[in-house]
Amino acid sequence: MSPTATVLGEDGLRRCPWGLSTPDYVEYHDHEWGKAVHGDQALYERISLEAFQSGLSWITILRRRETFRKAFSGFDPALVAEFGDADVERLMADPGIIRNRAKVLATIANARAVLDLDGTTLDALIWSFAPKKPGRAPRAFGDVPAVTPESTALAKELKRRGFRFVGPTTAYALMQACGLVNDHFADCFAR
């Protein structure tokens with residue numbers, strides 16, 4: 001697998017190199033990654049999962065996503081915002097999620113931050129940081145940034161509003177996953 005070009009799948013479709021590494025990634029690459037995500041609950045889920053992914057492989061999170069959804073009440077911010085000490089202990093004992101206390105607490109705090117947004121929605125806030133014009137289509141991994149001015153500004157604004165575990169790299173991963181930017185390789189069918 002070359003890091004500088006798309007890879008031809010058995011189905012005849014060219015994909016970003018990572019998009020063929022496992023069946024889970026094929027499904028995620030083809031149907032989710034880079035597609036526009038809207039709605040506060042959906043975006044809160046993505047922020048939460050990106051935070052849990054920090055320092056880990058995305059496949060680890062992807063394979064546990066349904067368990068995360070059950071553990072965090074479908075990522076309904078109103079429900080998660082009510083979580084207390086007993087919920088934290090329940091989550092810390094759940095082998096189906098990543099049991100990192102700081103990330104669990106951040107997910108609860110972020111639900112509260114979603115509910116405390118003044119005069120806007122999470123959807124409107126996040127999408128206001130989408131680049132005004134699309135970037136060049138990457139042809140190699142080296143063409144894909146880890147951080148951009150927009151992701152840095154988004155992270156700063158989220159932190160200002162009380163969100164945690166939302167640094168510029170996590171914010172850029174969120175922007176990629178939710179379709180604010182299109183980092184599918186130039187000759188990837190999903191572009």
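Author: The model is predicted. A word on empty space comes before the details. Rolling a probe the size of a water molecule over the atoms shows where empty space is left.

Start with the largest pocket. Its lining consists of 14 nonpolar, 4 polar and 2 charged residues. The space in this pocket amounts to about 500 Å³. It is lined by 20 residues, and those closest to its centre are Trp 18, Trp 33, Trp 58, Ala 173 and Gln 176. Three helices each give at least two residues to this lining: α1, residues 23-31, α2, residues 40-53, and α10, residues 168-177. Of these, α10 has the largest share, with 6 residues.

The second largest pocket has a volume of about 230 Å³. Among its 16 lining residues, Pro 131, Pro 134, Gly 135, Tyr 172 and Val 181 are the closest to the centre. The lining of this second pocket is made up of 7 nonpolar, 3 polar and 6 charged residues.

The structure has 1 cavity of 30 Å³ or more, and the volume of the largest cavity is about 50 Å³. The residues around the largest cavity are Tyr 28, Glu 32, Arg 46, Leu 49, Glu 50, Trp 58, Arg 65, Leu 174, Ala 177 and Cys 178. By class, 6 of them are nonpolar, none is polar and 4 are charged. Both α2 and α10 supply at least two residues of this lining; the largest share, 3 residues, belongs to α2. Trp 58 is listed among the residues closest to the centre of the largest pocket, and Trp 58 also lines the largest cavity.

Now look at how α2 and α10 are placed. Their axes come within 10 Å and cross at roughly 130°. An angle in the range 65 to 115 degrees would count as roughly perpendicular, and one over 145 as roughly antiparallel; α2 and α10 are therefore oblique to each other. The crossing of α2 past α10 is right-handed. On the α2 side the contact is made by Arg 46, Ile 47, Glu 50 and Ala 51, and on the α10 side by Thr 170, Ala 173, Leu 174 and Ala 177. Sorted by class, the residues of this contact are 5 nonpolar, 1 polar and 2 charged.

From α9, the residues Glu 150, Ser 151, Thr 152, Leu 154 and Ala 155 meet Pro 168, Ala 171, Tyr 172, Leu 174 and Met 175 of α10. This contact divides into 7 nonpolar, 2 polar and 1 charged.

Conventions:
Residues numbered from 1 in each chain as written. Predicted model: local features only at pLDDT ≥ 70, side-chain atom pairs only at ≥ 80, totals over all residues. Heavy atoms only, no water. 1 Å grid on protein atoms, 1.4 Å probe; cavity = no way out; pocket = protein on both sides within 12 Å on 5 of 7 lines; lining within 4 Å. Points joined across faces, edges and corners; volume = space filled by probe spheres on them. Helix = DSSP H or I, 4+ residues; strand = E, 2+ residues; numbered from the N terminus. Nonpolar A, V, L, I, M, F, W, Y, C, P; charged D, E, K, R; others polar. Axes fitted to C-alpha atoms, helices over the stretch in contact; angles between N-to-C directions. Parallel < 35°, antiparallel > 145°, perpendicular 65-115°, else oblique. Left-handed = near helix turned anticlockwise from the far one by under 90°. Contact = heavy atoms within 4.5 Å.
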